[in-house]
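Q: I have a model open and want to learn how to read its features. Where should I look?
A: Take the chain below and work through it one feature at a time.

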Amino acid sequence: MPLARTAARVALGSIMVGAGVLHLTTQREEFQAQVPGWFPLDDDLVVLGSGVVEIGLGAAFVALPRRKRLVGALLAAFYVVIFPGNIAQYVEGTDAFGLDTDTKRFVRLLFQPVLVAWALYGGGLLRRRRQD
């Protein structure tokens with residue numbers, strides 16, 4: 001397995017575990033502010049649930065290299081599923097985590113596809129095609 005792909009997988013997995021822990025602890029209220037008003041579940045329940053999912057996916061990405069393709073795909077899907085919440089934060093003008101202007105909230109939207117690509121790359125799902 002290429003070193004860069006392994007480093008990408010371990011780094012993203014570690015970041016996800018850290019983010020998940022923050023969901024459950026010190027940044028819980030900040031994450032609650034990001035739950036869209038239209039979402040039909042309690043904000044705290046969403047934050048707790050997403051934190052547990054982030055910890056699980058992140059830990060699995062690091063600890064289960066033989067399952068990296070599956071976990072990378074699940075992580076990419078997770079980023080796609082939460083993207084409407086990021087759009088809602090932009091549209092609704094919700095301030096959280098220093099995203100206190102429309103420009104900052106919009107720039108954040110551009111990073112979601114980067115996270116999807118990072119998960120797919122770390123999972124070995126994005127590869128350059130070799131020319132024969």
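Q: Where is Phe-111 placed?
A: Phe-111 sits in helix H5. Helices (H or I, at least four residues) and strands (E, at least two) are DSSP runs, numbered from the N terminus. The model is predicted: local features need pLDDT of at least 70, side-chain atom pairs count only at pLDDT 80 or more, and totals for chains, interfaces and linings use all residues. Residues are numbered from 1 along each chain as its sequence is written, and side-chain values use heavy atoms, with hydrogens and water left out.

Q: Which residues form the nonpolar patch on the surface?
A: First, the idea. Patches are made of residues with over 30% relative accessible area and no salt bridge; like charges are joined within 9 Å, nonpolar side chains (Val, Leu, Ile, Met, Phe, Trp, Tyr) within 5 Å. Accessible areas come from the Shrake-Rupley method with a 1.4 Å probe, and for residues only the protein chains shown count as cover. Here the patch consists of Ile-87, Tyr-90, Val-91, Phe-106, Val-107, Leu-110, Phe-111 and Val-114. Together they have about 710 Å² of accessible area. Helix H4 (68-92) and helix H5 (102-122) are the elements that give two or more residues to the patch. The largest share, five residues, comes from H5.

Q: Which residues make up the largest nonpolar core?
A: In soluble globular proteins, nonpolar side chains tend to be buried together. A nonpolar core is a set of buried Ala, Val, Leu, Ile, Met, Phe, Trp, Tyr and Cys residues joined through side-chain atoms within 4.5 Å. Buried means under 20% relative accessible area, exposed over 50%, partly exposed in between (1.4 Å probe, protein chains only). The largest core in this model has twelve residues: Leu-12, Met-16, Leu-57, Ala-60, Phe-61, Val-71, Leu-75, Ala-76, Phe-78, Tyr-79, Val-116 and Ala-119. Two or more residues come from each of helix H1 (3-24), helix H3 (43-63), H4 and H5. H4 gives the most, with five residues.

Q: What is Met-16 in contact with, leaving aside its neighbours within four places in sequence?
A: Contact means heavy atoms within 4.5 Å. On that basis, Met-16 touches Glu-54, Ile-55, Gly-58, Leu-75, Phe-78 and Tyr-79.

Q: How many helices and strands does the protein have?
A: There are five helices and zero strands. The pattern along the sequence is α-α-α-α-α. The radius of gyration is 16 Å, close to the 14 Å that the globule rule gives for 132 residues, so the protein is as compact as a globular protein of that length. That radius is taken over C-alpha atoms; the globule rule is 2.2 Å times the number of residues to the power 0.38. The C-alpha atoms fill a box of roughly 50 × 30 × 25 Å, taken along the principal axes.

Q: What share of the 132 residues is buried?
A: Buried residues make up 33%. The protein exposes about 8,000 Å², and carbon and sulfur atoms supply 65% of it. Among contacts with a separation of 6 or more, 70% come from residues 24 or more positions apart.

Q: How many salt bridges does the structure hold?
A: Side chains of opposite charge can pair when their charged atoms come close. A salt bridge is a side-chain nitrogen of Lys or Arg within 4 Å of a carboxyl oxygen of Asp or Glu. The structure holds four. One of them joins Asp-44 and Arg-28 at 2.5 Å, N to O. Asp-44 is in helix H3 and Arg-28 in helix H2 (residues 28-33), 16 residues apart, so the pair links distant parts of the chain. Arg-28 is partly exposed, at 28% relative accessible area.

Q: What links Asp-95, Asp-102 and Arg-105?
A: A network of salt bridges links these residues. Between Asp-102 and Arg-105, the closest N and O atoms are 2.9 Å apart. Both lie in helix H5, three residues apart, about one turn of the helix. Asp-102 is partly exposed at 44% relative accessibility, whereas Arg-105 is buried at 6%.

Q: Where does Phe-97 lie?
A: Phe-97 is in the loop between H4 and H5. Its phi is positive, about 55 degrees, although Phe-97 is not a glycine. Phe-97 is partly exposed, with a relative accessible area of 36%.
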